[in-house]
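This briefing covers a helix contact, a sheet and a chain interface. The sequence and the coordinates come next.

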Amino acid sequence: MSAGTYKMTNRIDDKFSVINGKPRKNLIIYITAGYPSIAATEKLVLEIDRAGADIIELGVPFSDPVADGPAIQESSHYALKKHVSLAGVFKLASKVKPKISSALVLMGYYNSILQYGLTKFAGDCSKNGIDGVIVPDLIPEEGGKLKKAAGAHGVKVIFFLAPTSDSTRIKMVSAMSEGFIYCVTVAGITGTRSALPDFKKYIDLIRRFTDKPLALGFGISTPGMLAKVLKHADGAIVGSAVIKVITASIGKENLPGIVGNFVSKLRKGICNNGYHAKKD
Amino acid sequence: MLLPDKRGYFGDFGGRFLPETLVPALLELEAEYSRAKNDIKFIRELEFYRKNYIGRETPLYFAKRLTEYIGGPKIYLKREDLAHTGSHKINNAVGQALLALRMGKKRVIAETGAGQHGVATATVAAKFGLECDVFMGEEDCERQALNVCRMKLLGARVIPVGSGSRTLKDALNEAFRDWVATVRHTYYIFGTVAGPHPYPMMVRDFQSVIGNEARKQIISMEGRLPDYLIACVGGGSNSIGLFHRFYNDRKVSMIGVEAGGKGINSKLHSATLSCGRPGVLHGAYSYMLQDVNGQVVPTHSIAAGLDYPGVGPEHSFYKATGRAEYYAVTDTEALNAYHLLTRIEGIIPALESSHAIGYVIKNRRRFRKGEIIVLNLSGRGDKDVGRNI
């Protein structure tokens, strides 16, 4: 891909491109934009990309993140104190996107997007190299307007499934979600957990209704967990664990390097288990 | 009667904005509620507890000395302060507890600001043998300490919330976070007419008993409908409870009184409908207090139960369509009203309800002789004694 053409191509589908009949495995890394600063986030994105992430999720800080546990809540409040706004996140995205091969996805609560204006938001996503949007408090029944606006600009809207979702909801979410489906591992909020529940049945149930790629998130924090998840899912999302690494290293000069190392280890966890995980 | 549509919208306002994990529980609740409200057994049960446990109907009391003091309209007080536990919150808590029992849930959770909804929930949990956790902002735990004691005495666990502004908004966030993880066995007794569908509709229905009674009472006492309904608005449950039955009585004016805090130009207030604009908070599209980027802004009110940056979607609809008017009354005006009513009527009102009284005092020239006001005295003020006098 030549520089500057990212505006035209949505990278999410590339990342989940089918190999031997199955989508390739993806490592998806979440960080809160502006935590601990916009300048630091810029370096972090480059380092996380280099360390082998396939998709990078940039969290747009919100004052009342009801779907998030303590780690992401605190990072969000920290960023808000530094007046990080959606406009600032777009600026950051446009700077880093040409320098990375990862797909770039925004994760933000619906009110931030609504107040920005759905049409303007979709246009600015496209202009600044955002491939997709994840909105934790938006369900398919309410997501039509955003999807329409985003669709006009080639930006994908990714919806959620939860272990509580029944077949009716699985069908509805599968029909709406683009790029992949964000499958929550547990009924709960984001945050690291000592163990993951048995999610095989849940994944198998979803696969009966859709062949869209499935990415699992919430509670995944170690290479071991990642390997387990990717045995069944097409992508694994690591968020709070990364935030914790950042929190522990704030003020250190080699913050991006430390976080990069953490992501590299996650990456190796995938390769060592023999799943197709080679980065482009 | 006016209903939200199938998707939970009152005109442009309402809906369901929250994590997917909770949607199945809300759909289940919606289905169970629609069965229950048409089930004669449920209706009779609710009727039984209203009469024998809550102590309904509550009086519609002609406040003679307040009327003389104001010197114009006749003022009637709907005495929700006399309901069991001391506020209107019990009307909703009993209804939802009966639903929780029907659904086989063993644990209930609630958010609370002033502690009145927390006490009501702890009360029904004790009565029906349910485990109960109440989320309450740390600041509110301090300023409504009496209610914290009452909840604990009733066997509930009070979980102080230290995040954000440490008030009602943050208690709601934590209650939602708990519920996402416990939804399979936990029922969330939501305390106001906000939140995702079906809560605004359901809480409204349970609180409408206030207006249903008041309408009959005023007709029997005065032979006609009132000219004004006045009630304080935080999330909006006592006011919708009074207003709703009168929706089609077009000649009855409705006035919602918000917390003006230190003044609506001071940024230290909770006057959501007066100063906010629509957005998504806590599960619904409704008016809210926010900055240009859609971040929720800090609020203030002397009344913990009004100290909230959101409001129920039905109120937003009433405002947008002009069916009700909304004004703000400051801390000082509310406090003066609190003292006045106590001294001249022998009724200590909650600081929340004092805002409604404060509006009448402040705007006495607006009302004419011979006009009739029904004012919702949503709760009693014992909880507030000692911290503001």
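In this predicted model, K127(A) and D124(A) are about one helical turn apart because they lie three residues from each other in helix 6 (residues 118-127) of chain A. Their side chains meet in a salt bridge, with an N to O distance of 3.3 Å. Over all chains, the rule gives a count of 43 salt bridges.

**Salt bridges between the chains**

- Three salt bridges are found across the interface of chain A and chain B.
- In a salt bridge between K169(B) and D64(A), the side chains come to 2.8 Å, N to O.
- Side chains of opposite charge can pair when their charged atoms come close.

**Interface of chain A and chain B**

- On the chain A side, 34 residues are in contact with 37 residues of chain B.
- The buried area between the two chains is about 2,700 Å², and carbon and sulfur atoms give 52% of that area.
- V66(A), Q115(A) and E142(A) together supply 21% of the area that chain A buries against chain B, which is more than any other three residues.
- Between chain A and chain B, 23 residue pairs are in polar contact, counting pairs with both residues at pLDDT 80 or more.
- Four elements of chain A each supply at least two residues of the side that touches chain B: helix 3 (70-81), helix 5 (110-116), strand 8 and helix 8 (167-176).
- Helix 5 of chain A gives the most to that side, with five residues.
- By residue class, the side of chain A that touches chain B divides into 19 nonpolar, nine polar and six charged residues.

**Sheet of chain A**

- Chain A holds an open sheet of nine strands, whose order is 7-6-5-4-3-11-10-9-8 and whose pairing is parallel.
- Strand 7 (156-158) and strand 8 (160-161) of chain A are the edge strands, each pairing on one side only.
- Strand 8 of chain A is also one of the elements that supply residues to the side touching chain B.
- Five bridges join strand 3 (residues 26-32) and strand 4 (residues 55-59) of chain A in the parallel sense.
- Opposite I29(A) stands I56(A), in strand 4 of chain A.
- Helix 11 (residues 240-249) of chain A packs on the sheet and touches strand 3 and strand 11 (235-238) of chain A.
- The direction of helix 11 of chain A makes about 50° with that of strand 3 of chain A.

Terms used:
Residues numbered from 1 in each chain as written. Chains lettered and ligands numbered in written order. Predicted model: local features only at pLDDT ≥ 70, side-chain atom pairs only at ≥ 80, totals over all residues. Heavy atoms only, no water. Pairing = 2+ DSSP bridges. Contact = heavy atoms within 4.5 Å. Axes fitted to C-alpha atoms, helices over the stretch in contact; angles between N-to-C directions. Buried area = accessible area lost by both parts, 1.4 Å probe. Salt bridge = Lys/Arg side-chain N within 4 Å of Asp/Glu carboxyl O. Polar contact = N/O pair within 3.5 Å; in protein donor to acceptor, adjacent residues only side chain to side chain. Nonpolar A, V, L, I, M, F, W, Y, C, P; charged D, E, K, R; others polar.
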